[in-house]
Amino acid sequence: MNECVFCNIINGNIPSYKIYEDEDFISFLDIAPATKGHVLIVPKKHMENLIDMDDELLKKVLILSKKIVKALKKVYSFNDFNIIQNNGELSGQTVNHFHLHIIPRYGKTELGLWTPHEKDESVNNDYALKIKNELN
């Protein structure tokens with residue numbers, strides 16, 4: 001994984017503004033932040049996306065995100081925040097190594113994440129049933 005920027009940060013080949021590290025994760029300030037205090041949490045083991053993550057590591061990343069948000073709130077004085085995790089190019093994932101974004105929010109105009117689409121109740125009902133069947 002020599003070409004993976006996050007693996008290079010984890011291995012110390014690329015400097016970062018590291019804020020946290022344990023045996024499973026490293027967390028650092030994003031070098032192209034969406035807002036002040038934008039942080040990434042990255043597993044040390046290279047995994048491309050959420051599907052590749054084992055359940056225990058997924059639990060740990062959410063618990064760690066809560067811990068980091070509490071610290072960020074004390075330093076940056078914000079109330080609201082986004083936790084974003086993209087999977088694949090079409091979703092906006094630019095580094096093919098699982099990572100979770102914590103983005104403090106200071107106002108409504110900083111990020112535009114969703115564009116509303118028309119809803120079709122019959123199509124939604126059909127898909128809801130199909131998804132429900134897949135989960136059972």
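Which strands does α2 lie across? Hold that while I give the ground rules. This is a predicted model, where local features need pLDDT of at least 70 and side-chain atom pairs count only at pLDDT 80 or more, while totals for chains, interfaces and linings use all residues. Residues are numbered from 1 along each chain as its sequence is written, and side-chain values use heavy atoms, with hydrogens and water left out.

Now the answer. α2 lies across β1, β2 (25–29), β3, β4 and β5. It runs at about 155 degrees to β3. Axes are lines fitted to C-alpha atoms, for helices over the stretch in contact, and angles run from 0 to 180 degrees between N-to-C directions. Contact means heavy atoms within 4.5 Å. Helices (H or I, at least four residues) and strands (E, at least two) are DSSP runs, numbered from the N terminus.

Next, the sheet. It is open, with five strands in the order β1-β2-β3-β5-β4, and the pairing is antiparallel. Two strands pair if DSSP finds at least two bridges between them. β1 and β4 each have a single partner strand, so one side of each has no neighbour in the sheet. The twist averages 15 degrees from one strand to the next. β3 and β5 are joined by three bridges. Isoleucine 41 has leucine 100, in β5, as its bridge partner.

On to the packing. A nonpolar core here is a set of buried Ala, Val, Leu, Ile, Met, Phe, Trp, Tyr and Cys residues joined through side-chain atoms within 4.5 Å. Buried means under 20% relative accessible area, exposed over 50%, partly exposed in between (1.4 Å probe, protein chains only). The largest core has 15 residues, and Ile41, Leu100 and Ile102 are among those touching the most other members. β3 (39–43), α2 (55–76) and β5 (100–105) each supply at least two of its residues. α2 gives the largest share, six residues. A second, separate core holds 10 residues, including Phe6 and Val42.

Take isoleucine 102. Beyond four places in sequence, its contacts include Ile41, Ser65, Ile68 and Leu72.

Isoleucine 19 sits in β1 (residues 18–21). Its relative accessibility is 41%, so it counts as partly exposed. Beyond four places in sequence, it touches Ser27, Phe28, Leu29, Val39 and Ile68.

Last, a loop residue. Serine 77 lies between α2 and β4 (80–84). Its phi is positive, about 55 degrees, although it is not a glycine. Buried or exposed, serine 77? Exposed, at 61% relative accessible area.
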